[in-house]
Amino acid sequence: MVRIGQLLISLESREIQLNSESLRIGSRAFDILELLIRAQGTLVSKDEIMRRVWPDTVVEENNLQVHIAALRKALGADRDLIKTVPGRGYRLMPAHEEPPSQREDAAVLLPCTSTVLTAGVSALIGRQQLVAQVLDALNAARVFTLVGAGGIGKTRVALEVAAQSAMRFPDGVVFVPLASVSNARFALEALAGALGMKLPAGRLSPDLIGAETAGRRMLIVLDNCEHVIDAAAEIARAMTAANPALCVLATSREALRIQDEVLYHVPSLDVPQDASLSDEILQTSAVQLFLARARTIDPCFSSDERSIFLTGLVCRRLDGIPLAIELAAARAAVLGIEVLADHLDERFRILTGGFRGVLPRHQTLKAMLDWSYRLLDDTERTLLRWLGVFLNGFSFDAACHMVAAHGFSQTEILDALGGLVSKSLVIHDSGAVPSRYRLLATTRAYALQQLEDNGERKAAALAHATWVRTVFDRAPYHRTERPPGEWLSEFRQEVGNLRTALDWAFSPGGDRSVGIELSAMAVPFLFDVSLVDECCERARMAIDAASHADTASVSVNTKLRLLAAYAAGLVYTEGPTAALRDVWSEVLSLAVAASDTEFESRALWGLWNAYQYGGEARAALLLARRFGALAQQSGNRTQCVIGCRIEGIALHYAGEPSAAREQLEAMLNAYVHGWHRWNTVGFRVDHGIVARATLARVSWVQGETQEALRLAHHALDAALEYEHDMVTCYVLVEAFIPVALLTFDQAVAEAGIAMLRTRASHAGFAIWATCCDCYEEYLQSMSGEGQCRLPQFRASLDALRKSGFLAPLTLLLAQFARASLAAGRRDDATAAINEAFRHCEETGERWYYPELCRVRGEIALAAHQTTDAESWFVSALDHAVRQGAGELERHAAASLGELQKRLGKASEMQLPHPLSDVPMPEHSDGIAAPGYIVPPLNGSPASSSERDLAARPRTSGSIL
């Protein structure tokens with residue numbers, strides 16, 4: 001049995017007892033608990049938990065969070081034993097483990113035969129695991145070096161290790177502060193002074209000091225070795241060679257590089273993620289240090305929700321560097337956290353005034369970095385300055401490109417970069433392939449200031465923009481030769497650098513021509529990585545700049561790229577508006593004039609998308625067929641396959657499910673993702689996934705409800721594995737949520753809506769976020785609270801109409817009418833259904849038309865108009881049978897049968913046959929006339945003369 005707080009856990013029998021009574025938790029929660037127990041207090045990553053607990057299932061992180069919450073609830077008062085490490089995972093603290101002391105001025109007593117060192121230090125925060133690792137290693141090794149950037153807390157960790165290991169060294173612990181040594185030749189004197197030695201008349205040597213300490217079991221702490229690194233290395237080597245009982249613990253910004261040295265990299269404190277909640281923010285060590293220091297100055301330092309958020313933001317922007325956090329906390333305690341956060345860009349001016357008694361270079365952030373900068377050689381200084389322009393890190397090739405004009409050889413650059421890494425001024429991301437490097441935000445700010453001071457800022461920015469353009473110029477090769485997820489993850493790393501380059505190019509001191517060319521090449525990738533809103537903004541900026549009088553002429557290809565990228569994103573941010581159709585029409589005109597069939601296809605697809613999303617079923621079908629004809633004409637097999645998909649979607653909305661299924665199944669039978677990938681930049685969609693989503697809708701309409709659910713789940717699983725927010729949101733909006741709602745699976749619908757809300761908000765898909773609100777109200781209307789939420793439902797429909805995203809309108813209006821009818825608001829129900837009828841007549845949408853007739857019959861029945869109700873039910877059944885819409889046919893037949901039973905007609909009831917004696921009018925392209933048998937808006941089915949009128953083709957302006 002294992003005891004965790006008040007719980008007794010048996011891993012063998014998978015039982016939990018609380019106060020001698022059995023406690024039940026879910027099997028997944030128990031699996032997670034077992035993982036945490038077996039980790040024995042070490043971190044278990046989120047990925048590891050999800051891989052072990054859900055080995056064959058793709059699940060959202062929300063599932064893990066729910067089970068962790070359940071475990072914490074089971075622990076009750078001991079819930080804090082499960083610690084969250086934001087962005088990484090969880091650890092289970094042993095029940096006997098005491099939380100770190102919160103004393104703010106604990107004395108560290110280091111016994112030594114020659115001296116007693118007492119250092120007033122604050123409580124250690126966030127370093128317990130590192131200290132424990134070093135203490136464990138003291139049993140086996142002789143020389144340890146704590147390396148890390150300036151201000152990272154190396155000295156503080158060394159002091160803690162020394163204090164906790166004092167009992168292991170009966171002859172004492174000696175602290176040697178080398179920071180005060182101005183020249184390497186005085187390092188030995190500092191050591192001798194710390195040991196209390198009487199200086200000899202002759203020359204002092206390491207061997208002499210070694211003889212003085214011979215046989216003593218002691219620990220020597222060499223603090224701040226970087227500026228006398230060779231002397232410190234020689235001291236450590238000589239002292240340990242002369243005395244096997246002696247250990248050396250050094251702190252430095254680079255390794256001593258001597259034999260048997262053990263390196264421990266001191267990392268930054270952990271900081272909260274962007275989306276962390278308050279309790280998660282407060283659990284990070286960086287925030288804990290900030291609050292502890294601030295409250296030593298102001299015990300009432302604010303801890304409300306807003307202040308906690310800003311504190312997390314400040315700690316994140318300071319990279320979790322303890323020195324910077326302590327300086328920031330001191331300022332926040334005086335100025336307030338709001339003021340500090342607003343002025344953090346001025347960090348080198350505002351972050352001053354450290355604790356009295358600390359080293360002068362630790363009194364200000366700039367002084368600390370000045371110290372490091374002065375220790376570099378000329379090549380290292382130049383490289384550090386010019387690397388400051390990279391926001392998201394860089395490769396070795398990028399570093400070479402940046403300083404190419406300085407005439408350095410690759411070998412010199414490699415040596416300089418290696419030196420910066422070893423001195424902890426550049427961070428090597430060891431997990432990246434190929435290798436990448438980065439600067440901490442504070443170091444980067446310092447490097448940029450040095451660029452400014454040396455008059456190199458503009459030249460460095462131009463070199464940086466040129467490099468980013470080179471990176472994205474290689475993208476088409478990667479798109480065709482590598483899996484999408486692989487190359488996109490690599491280019492996603494460059495998004496920050498792309499933003500930096502574009503911001504500079506379009507700034508007053510930048511280069512507008514460079515910005516336009518870079519935008520045309522790279523901005524479509526923002527669409528590919530689901531940064532749709534930014535894609536629109538950046539493309540619009542470049543389009544406006546291209547029309548500027550001072551800008552050199554822009555090529556047609558550049559204009560096409562920019563306009564297509566702008567339009568591709570605009571549909572998801574602004575909706576399928578007239579402005580969007582105008583942009584795609586301009587792309588079409590330019591492409592036709594330039595005989596560019598690739599962009600002509602893009603324009604036709606974009607126009608189809610705009611009309612399909614706008615609920616214009618008739619126009620969408622015409623455009624889908626025009627797209628397919630162009631694909632056939634140009635012999636583009638990929639686009640022929642895609643043409644089947646978009647025609648299948650259009651046919652579904654036009655109320656022809658059998659024809660839609662034929663097109664979709666033909667597409668899926670022919671489709672191979674690796675081969676039929678439209679490799680146009682800014683168009684990363686797996687067409688097989690989205691085709692299955694539409695097929696799920698078609699299956700439901702045809703009465704295959706279980707198959708529809710299976711296909712919807714399968715499409716969502718595939719979309720999540722594909723890892724593209726646009727594809728995932730499309731599946732949720734078009735299939736997963738509607739099918740769940742239509743099959744009354746409220747739990748599945750609720751989960752889908754929650755996922756859609758998260759994904760759409762994250763990626764900036766405004767129209768899908770608006771649709772999400774409508775689906776939420778649809779779901780609520782199915783419960784007992786639906787009648788109370790009609791105003792919210794109405795408001796969400798108004799927002800949907802305003803967006804122009806009318807594809808789901810009839811489905812939503814029908815449900816609003818049902819909810820209004822249930823609330824006794826018959827006039828509102830009638831108005832909603834009539835609006836749906838008008839929409840169908842104007843656009844040619846027919847897929848849900850039989851259900852509209854059925855709901856209209858229910859409204860008539862509620863008004864005791866049984867004759868009208870029966871006529872509407874007959875009309876619903878006629879249309880459902882004609883379309884082959886088996887599910888809607890069942891709905892209509894059930895309503896009609898119930899009514900006829902109530903009227904006493906059960907014995908003579910015969911279900912009507914479709915109006916086979918009346919030919920169904922068609923357009924020349926075979927599409928049923930949108931107004932055929934559309935009921936009038938005065939409350940009764942259409943007369944024969946009205947049917948004739950409605951059957952006439954509707955005239956309208958050109959769709960292109």
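Reply:
**The sheet and its helix**

Helix α1 (residues 27-38) lies across β5, β6 and β7 and runs at about 65° to β7. Axes here are lines fitted to C-alpha atoms, for helices over the stretch in contact, with angles from 0 to 180 degrees between N-to-C directions; contact means heavy atoms within 4.5 Å. Helices (H or I, at least four residues) and strands (E, at least two) are DSSP runs, numbered from the N terminus.

The model is predicted: local features need pLDDT of at least 70, side-chain atom pairs count only at pLDDT 80 or more, and totals for chains, interfaces and linings use all residues. Residues are numbered from 1 along each chain as its sequence is written, and side-chain values use heavy atoms, with hydrogens and water left out.

The sheet itself is open, with 3 strands in the order β5-β7-β6 and antiparallel pairing. β5 (44-45) and β6 (82-85) are at the edges with a single partner strand each, so one side of each has no neighbour in the sheet. Two strands pair if DSSP finds at least two bridges between them; β6 and β7 (residues 89-92) have 4 bridges, in the antiparallel sense. Within this pairing, Lys83 has Arg91 in β7 as its bridge partner.

Elsewhere, Thr728 belongs to helix α34 (residues 725-742). Thr728 has a relative accessible area of 0% and is therefore buried (under 20%; exposed is over 50%, partly exposed in between, with a 1.4 Å probe and protein chains only). Beyond its neighbours within four places in sequence, Thr728 contacts Leu716, Ala719, Leu720, Met755 and Arg759.
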